Structure formats: structure tokens, C-alpha cells
Amino acid sequence: MADRRFEGLFERSMKRREALATLGAVSAALAGFELPKPAAASVNGSKRPNIIFILSDDHRWDHMSAVGHPFVTTPSMDRLANEGVLFENAFVTTSLCSPSRASFLTGMFARTHGVKNNLTPWQNKNITFLEILKKNGYDTAFIGKWHMPGAIPRLRGVDEFVTFTVQGGQGRYYNCPLIVNGVQTPSGKEYITEELTDRSIAFVEKKRDNPFCLYLSHKAVHHQFLPPRDLRHLYDEVNISLPREMDPYVLFADGNLLYGLLGPVAFHYRNYCEALVAMDREIGRLLNRLDELGLARNTIVIYAGDNGYFWGEHNLVDKRYAYEEAIRIPYIVRYPDLIKNPGRVAVQMIQNIDLAPTLLDIAGIDIPLAMEGVSLVPILKSTEAAGRKAILYEYFRDYPYRVPPHCAVRTHTHKYIEFEIGRQPELYDILSDPGERKNLMGTPEGEKVLPELKGMLETLKSGGSV
Amino acid sequence: MLSGVYTLGESLYFYLNPTNVLLYSGVMAQIGLCEILCRKRLAGQGASVGIFSVPATVALLLGLASVVLIFVWDLGVHHFYIFQQGFKAIWKYGIGI
């Protein structure tokens, strides 16, 4: 019966199942329902790609061997970079977990999606790229750190939702209880990065007709920076040199105790690097499984961090401020079907809000006008593609941290920071002073570029482009 | 800076954060311990005093319990989130957001 054909219907042959589906679709359309519609062909004209987005936490852009870190080795990230495009000027719009995560998901600035700090709840009216992909026929999964305030949402357009709520949603490195599709579930593996990778691999392995989109959101390498047992002493012998401006007592000063870094900074830093190596190893496991399944070629893999981290630069720890260490993130895209000259470094400035439009563009889906990011497809296709002239950064109050709200504009040559309260504006020439140590405000050099930068900042803040 | 960024109420609530409470608890335990040690010394010199007075013992035990609860319990991480829940209960996600 299943193979019985209904000849003549719509003047072509059709299987019984297809005919029923068609009749159902027509009925539903007449009843006013919006049906999931298959997307047009993907950007390269081939079968729509699978998507894997891997997001890490607090991974600073310069902590990869691919960009020359002195001792951290990240062969899996290096592999992605060698087989794809490494964006060396990738930035977040807000250097804080929750706002940045919401920006990745929605393609919007914090002021638009509403998650302005780690206390403001996620608004269910926000539309994520996962929801749009689902409507266009993708199987979707969100696995890992959600960490946006409020109750865990029933995230629209997500078939499989695995996350955690312990420690304010930060999760635990060891034996972290999970929430699997709303049900509390013990972790199968002791170490969280391995558990999340296992679940991601299980999702990828599922037999399916549809393309898939996996959003893998690691806890690593966030505080408390705990590596797995076998990597705990990996960097014990490494001589850690901390930034020269760092006061050894900075962890006890100016409210920094709240960052939970009691003890020698070098101890935490070694742990951070070891947890990073562990995450890289797990990324490698996922990439190898893609190879074994024959999915690597038609799967776009994007690796990014949610924000950077200070390890004593500017005499700071944590993130939040508009300096490079905090706002610059690792960002690598691998998609063999689209990137014809892999192993390339892209210099164009991109932001976390570009992820959603890029994925939709690659999948051949219209990008909603509400999204504030831009598609990176032109840059993925060509080294010569134009990038942004400037980017906007914004930071809002986040209790109980004493960082004043501020905003900044960054060009390829300068950065101008305006604080709402408590601090005077700052201006840096990031070409001659990449460490942003010499404030040019009030200097002849600064006065020369200040009007243009101020103008750009105002334009970007009002939603315009420069 | 704290009261510059936050309102007076938010700034005052700040003093309930884990590091501050840890400081209060530590001082309380220290006061209790010192009282007990002094009493022990006096008793050793022949004074007619009990070593473990109720206030000193309570201060020592409460102080130590708080130190354990706040600091030893995952380095204050849990207490920090309790502190934040308290903040949210009063001010939601903060004034001026």
C-alpha cells in the first residue's frame, strides 16, 4: 500500500504519503496556518548545510596556538582555522555572558534584545536563529550553557534542549546536574565538557532526512576554571609571566574579590589554560566524528567565545570593560563547500551579532530586518570583501560589579570610550598602542581624531551605520 | 564608585556580599576565640571564671559555621548566588537598566 501511486493527481505521479502530505498542507494553508517552508537552495547552491555552532565561555581571542600563544596548544581550533577562515578582528557587542549569548542567538544588540546584564531575563518574544531554521526544516538542538536570567524558557524551534541551572545557571565542571528537555537528569560523565560533547555527538549521529543545527554551548573556560583530572598539572612547569601593570594585590582591591579569584593569579591562569586544552580536545572529538560520519564537507562549523578575559592587563581581572582583552573573541568558520581558499585570516571587523544572519544566509533563508548584524558570507567567499569601518560596544550596569556603564567605538586604528558615570573618556591609538595604555584625550593627536570618533559613536548608538 | 554606579539602597545591600559577610563572620569567630583564650588564661592564674561563656562560645561557633557556609562551601559561589537572588527579589535586575 505504501508504494501505491496516485496517478493523475496534479498531473504527475505521486506516492500515497506525498499525496496525503499535500492535501494536509493545502488544508492547513486554507485554515490560515503558517506552514514550515523549505528554504531555497543554500548560498552555494548545494544541499542545505548542517550547522554546528560551538560557543565557549570567557575564551580570550589570543589563547590559541593558531594565533601564537606561547604555550597553550589547541590543535582542534588550529585545525578549524587551517580548514576555514580565522577572523582575527572579531568582537562582542557587550562583554558579558548573558547579553553576549542573547546577541549570538538573535543577531541583535543588548539594547534591542533586552538582556542587558546577567540579571535581566530573556524575553520569549525574541526570535532566535534556531527558531527560524526550525521553521525552514532543520532539526535543532541547544546543548549546554543557557545562562540567561529567568526561568529556563520553552525555547521555540528547539527539538532538544539540554542545559543546567545550578550556580545561577553557570553550571559546575564536575557532576553537573542537567535539565534535559525540562527533566532533571544526572550527568553521564563526570566532567561537563565531555558530557556536553557526548550529547552533541549523539545528536549529530541521529539518522534524519532534514539538515541539523547544533548549538553547543560549553561552560568552559569560565570561572572556576577547573580542568579534567588528567590535565590538572599540564602546565605546572610553565613559567607564567603576568602583565607588567598588574598589582599582585589587585584581586583584593576595588571589589575584585567578587570575581572569585582568591589566591595566586598564576594558579587560576594555569587552570584556565588547562580547561581550555580540555575543551579543545573535546572539539576535536566532535570534528573526528563528523569525519567518520562523512558529514564534514556539508557541515558548517563555527567556533566562537562569548567574550574575552583580563588576566591582569589594565590591572583588571574578569571582563566587561571595552579594552581589547575583554571584547575580542576567537571566531573561526569552517565550511568546505563555501570557503574555497581555507587557512585564511580575515582582517575585517565582525561581531557576535553577525552569527545569526550569516547562518540564515548560508542556509538560503531571508534575514529578518530586525537583525542588526550582517552576513559574513561575502567575507567567507572573498578576502577582498568590505568589512565594517567601525563597531559599537556597549556595557550596562551589572550588580554588584563596580564597572560603570559605558559605550565605545572601535575602528581599525582607534578606540574611543565614553563612560556614563565615574570615569573620564578614553581614546587610544590601537595600532601604535595595542595595549591601550596611553590615553590620547587632551593630546594634539587625540584632538585630531576625536570629532570623527564621537560622530561615529553617536551614529552607531542611534542605529545608523558608518 | 559603588554609590556612583548604583543607588544608595543597592550600595548598602552590597555589604551583604559573601566577602563582607565572611569578614564579619571571621571577626565574630575571632572575638569568641579570644574571649575563651583570655578566660582560660585568667583561670590558669587562679581567677574564678568559667572558660566557655555562652556569648563567647556562640560567637565562635556561629562565626565558624558562617565561614564554612560561605567560604568552604564551594569558595563562596553558592552564597554569591543567594546574595544575587536577594538583590533580584528587591530590585529585579537593577535600577537604571
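Author: Contact here means heavy atoms within 4.5 Å. This is a predicted model, in which local features need pLDDT of at least 70 and side-chain atom pairs count only at pLDDT 80 or more, while totals for chains, interfaces and linings use all residues. Side-chain values use heavy atoms, with hydrogens and water left out.

Reader: How many residues of chain B are in contact with chain A?

Author: The interface can be counted from either side. Chain A contributes 28 residues. Their partners in chain B number 25.

Reader: How many salt bridges does the rule find across the interface of chain A and chain B?

Author: A salt bridge requires a side-chain nitrogen of Lys or Arg within 4 Å of a carboxyl oxygen of Asp or Glu. Over all chains the structure holds 38 of them. Across the interface of chain A and chain B, the number found is 0.

Reader: Which residue forms a salt bridge with Arg334(A)?

Author: Arg334(A) is buried, at 2% relative accessibility (buried is under 20% relative accessible area, exposed over 50%, partly exposed in between, with a 1.4 Å probe and protein chains only). The closest N and O atoms are 2.6 Å apart, and the partner is Glu83(A).

Methods. Residues are numbered from 1 along each chain as its sequence is written. Chains are lettered from A and ligands numbered from 1 in the order in which they are written.
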